[in-house]
Each structure stands twice: as structure tokens, then as C-alpha cells.
Amino acid sequence: MRADSIGKQVRDYFALMLAHAEGKLGQALWRKAYRRLGLKLRAVGLELIAPSTLWSDTQQRLDAYARTFRDMNRVVDAYVDDLRERYSISKRDVTDGLCPLRHATSSRAISPGFA
């Protein structure tokens, strides 16, 4: 058994799993950004990402995934800034509860089972 190379099926499966993990991480980070602003979490869907076909691309994507995973708070901060700019939300609006896109504050809307 050779240890220096892996089969094409294993590489394809790894690329597929990495694409799924990237999509889930992206969804989690966007949800956290929406949560910081008090926006509707249901607006964040899972974005399907196409798996890479070249092993070199898969390795680069794995490096980018690892860097993002290690520094999630910085990424979420950037997403929050993007949302503020996109929807013209000031920091004062968020702290005063005047965010124009804020969801209802019922217990059902904020409970983990319905988020």
C-alpha cells in the first residue's frame, strides 16, 4: 500500500466535505452577525458551495477555512460592518433597539429551538 498518494475518490469526497463545511461555517458566521444586530436569523440560509476539482485548489480552500475558523470573531465583526453599511444601521440604532430590521422580541422568536 502506497502512502504517498491518495485516490481520486478520496480527494473528491474530501473536497465535497470541505465545501459543505465551508457553507455551514459561512452560515454560522452570518447568523452570529445577524444576531449581534438583532436581525431575523431565518434570513440566513445555507449557501451551497461547489467542491473544487483540483487538489491544489482544495488545499488552498482548506487553508482559508482554517484561518477563518481560527479568527471567527474578526470575520463576524467584518460581517456586522457589512450589514450596517448595507442597511444603513448605525451603532446607536442597535443599542437603542431602533434597528429597522429587528425581529419581534417574543420568547418564541429568540428561543434556540426556533432560531
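At a relative accessibility of 24%, W30 counts as partly exposed, a class that lies between buried (under 20% relative accessible area) and exposed (over 50%), with a 1.4 Å probe and protein chains only. The model is predicted, so that local features need pLDDT of at least 70 and side-chain atom pairs count only at pLDDT 80 or more, whereas totals for chains, interfaces and linings use all residues. Residues are numbered from 1 along each chain as its sequence is written, and side-chain values use heavy atoms, with hydrogens and water left out.

Rings of Phe, Tyr and Trp (its six-membered ring) were paired if their centres lie within 6.5 Å, with planes under 30 degrees apart counted as stacked, over 60 as edge-to-face and the rest as tilted. By this rule, the count comes to four aromatic pairs. In one of them, the ring centres of F14 and W55 are 5.8 Å apart with the planes at 55°, so this pair is tilted. F14 lies in helix α1 (residues 8-37) and W55 in helix α2 (residues 55-70), so the pair ties together parts that are 41 residues apart in sequence; helices are DSSP runs (H or I, at least four residues), numbered from the N terminus. F14 is partly exposed, with a relative accessible area of 34%, and W55 is likewise partly exposed, at 32%.

W30 and Y79 form a stacked aromatic pair, 4.0 Å from centre to centre and with 5° between the planes. Because W30 lies in helix α1 and Y79 in helix α3 (residues 72-87), this pair ties together parts that are 49 residues apart in sequence. Y79 is partly exposed, at 22% relative accessibility. Ring pairs link W30, Y79 and Y34 into a cluster.

F14 and W55 also take part, with I6, V10 and L62, in a nonpolar surface patch of about 410 Å², where patch residues have over 30% relative accessible area and no salt bridge, and nonpolar side chains are joined within 5 Å (like charges within 9 Å). The elements that give two or more residues to this patch are α1 and α2, and V10 is placed in helix α1.

The largest pocket has a volume of about 230 Å³; a pocket is an open set of points on a 1 Å grid where a 1.4 Å probe fits, with protein on both sides within 12 Å along at least five of seven lines, and its lining residues have an atom within 4 Å of a point. The lining of the largest pocket comprises 14 residues, of which E22, G26, W30, E47 and Y79 lie nearest its centre. Two or more lining residues come from each of α1 and α3, and α1 gives the most, with seven residues.

Key. Accessible areas come from the Shrake-Rupley method with a 1.4 Å probe; for residues, only the protein chains shown count as cover. A salt bridge is a side-chain nitrogen of Lys or Arg within 4 Å of a carboxyl oxygen of Asp or Glu. Grid points are joined across faces, edges and corners, and a volume is the space filled by probe spheres set on the points.
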